[in-house]
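Please look at the sequence and the structure first.

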Amino acid sequence: MPLSAASSVSQRTAASRTAGAIASIAFDAPEAALDGNIQRVLARVYAIGAPLKLPATTAKLWTLAEQTLHRSHAGAFNEAMIELGATVCLPRQPQCRRCPVRMHCHAFERGLQDQLPRRAAKRDVPTIYAAAIAIQRAGRLLLVQRVPSGLLGGLWELPVTADHLTPIDSDTPL
């Protein structure tokens, strides 16, 4: 991994969230990290009310991670932030009384530490009714491959009807 890969905006993926930690801790590179623990700490310290999964929130957290980074000791700083999130600034029941940054924490100051960071609302999971048929000949089972896009794209399955059947009442005989 090139040392600059962690800070490359084009490489801001789930994997790059820890790339900065690896680059800074292993190679002493002045790279910011943004794993889940650091996201939680920054969201509380800066009282960010938007859900973490939103691209705009992620961009803001990256900016804050880069601005707060102690570049001459990036590895130690990132490691400390990760540990702070893992041991004190917990997802549930944060230990604010033990927190060394509580005097700078806007969530603590406003009594929001139990409410932040916010999660995006879960989408409703649709119920899909379908019928499958097992066709077997000469010891072989017929399978078909789903279209590459959409639900379970590209997976193999038994032949299935259109996914728009109505549920069968368990009391109705077949």
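Is leucine 116 buried or exposed? The model is a predicted one. In this model leucine 116 has a relative accessible area of 3%, and a residue counts as buried under 20%, so leucine 116 is buried.

Leucine 116 sits in the loop that runs between helix H5 (106–110) and strand E1 (136–137). Not counting residues up to four places away in sequence, leucine 116 touches Ala43, Arg44, Ala47, Ile48, Gly49 and Ala107. Isoleucine 48 is 68 residues apart from leucine 116 in sequence, while their C-alpha atoms are 7.4 Å apart in space.

Ala43 also takes part in the contact of two helices, H2 and H3. Their axes come within 10 Å and cross at roughly 90°. Angles of 65 to 115 degrees count as roughly perpendicular, and H2 and H3 are therefore roughly perpendicular to each other. The residues that meet are listed by helix below.

| Helix | Residue range | Residues in the contact |
|---|---|---|
| H2 | residues 36–45 | Gln39, Leu42, Ala43 |
| H3 | residues 55–68 | Leu61, Leu64, Ala65, Thr68 |

The residues of this contact divide into five nonpolar, two polar and no charged.

Helix H4 covers residues 74–87, which is 14 residues. At 1.5 Å a residue H4 should span 20 Å, and its end C-alpha atoms are 20 Å apart, so the two values agree. Buried residues in H4 are Ala74, Gly75, Asn78, Met81, Ile82, Leu84 and Gly85.

Note on methods:
Residues numbered from 1 in each chain as written. Predicted model: local features only at pLDDT ≥ 70, side-chain atom pairs only at ≥ 80, totals over all residues. Heavy atoms only, no water. Helix = DSSP H or I, 4+ residues; strand = E, 2+ residues; numbered from the N terminus. Buried < 20%, exposed > 50% of the residue type's maximum accessible area, 1.4 Å probe, protein only. Contact = heavy atoms within 4.5 Å. Expected span 1.5 Å × (residues − 1). Axes fitted to C-alpha atoms, helices over the stretch in contact; angles between N-to-C directions. Parallel < 35°, antiparallel > 145°, perpendicular 65-115°, else oblique. Nonpolar A, V, L, I, M, F, W, Y, C, P; charged D, E, K, R; others polar.
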